[in-house]
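Have a look at the picture first, and then we'll go through it step by step.

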Amino acid sequence: MAREILRLARDFELRFQMAEVGYERTKRNYTYEQFIDSYRNIYLQEGKAKWLV
C-alpha cells in the first residue's frame with residue numbers, strides 16, 4: 001500500500017485521472033435525493049421518526 005501511495009504522490013497525471021473517475025462516479029451514483037431517502041429509511045426502520053413520512 002505504501003508503494004502505491006508513493007506512486008500517487010509522484011504521478012500527477014495518475015492522480016488527476018483517478019480524481020476524475022471518482023468525481024464522475026460520485027455524480028452518477030450519489031444524488032441529494034438518494035442521500036435524504038437513505039436517511040429517511042434508516043430512521044423509519046428504527047421507528048424513531050414517523051414524522052418523516
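A residue is called buried when its relative accessible area is under 20%, exposed when that area is over 50%, and partly exposed in between. Keep in mind that what you're looking at is a predicted model. Of the 53 residues in the protein chain, 4% are buried. The chain exposes about 5,200 Å², and carbon and sulfur atoms supply 58% of that.

Now for the layout. You can count 3 helices and 0 strands in the protein chain, so reading along the sequence gives you the pattern α-α-α.

Next, the aromatic rings. A pair of them is described by the distance of the centres and the angle of the planes. Searching the whole structure turns up 2 aromatic pairs. In one of them, the ring centres of Phe-12 and Phe-16 are 6.0 Å apart and the planes sit at 25 degrees, so this pair is stacked. Both residues belong to helix 2 (residues 12–29), where they are 4 residues apart, about one turn of the helix. Phe-12 counts as exposed because its relative accessibility is 53%, while Phe-16, at 40%, is partly exposed.

Phe-35 and Tyr-39 make a tilted pair, with 5.0 Å from centre to centre and 55 degrees between the planes. These two lie in helix 3, again 4 residues apart, or about one turn. Phe-35 has a relative accessible area of 45%, so it's partly exposed, and Tyr-39 is partly exposed with 43%.

What do Phe-35 and Tyr-39 form on the surface with Tyr-32, Ile-42 and Tyr-43? Together they form a nonpolar patch with about 570 Å² of accessible area. Tyr-43 is also found in helix 3 (residues 32–46), and its 39% relative accessibility makes it partly exposed.

Methods
Residues numbered from 1 in each chain as written. Predicted model: local features only at pLDDT ≥ 70, side-chain atom pairs only at ≥ 80, totals over all residues. Heavy atoms only, no water. Patch = residues over 30% accessible without salt bridge, like charges linked within 9 Å, V, L, I, M, F, W, Y side chains within 5 Å. Areas by Shrake-Rupley, 256 points an atom, 1.4 Å probe, with all protein chains shown as cover. Salt bridge = Lys/Arg side-chain N within 4 Å of Asp/Glu carboxyl O. Buried < 20%, exposed > 50% of the residue type's maximum accessible area, 1.4 Å probe, protein only. Phe/Tyr/Trp six-rings, centres within 6.5 Å; stacked < 30°, edge-to-face > 60°.
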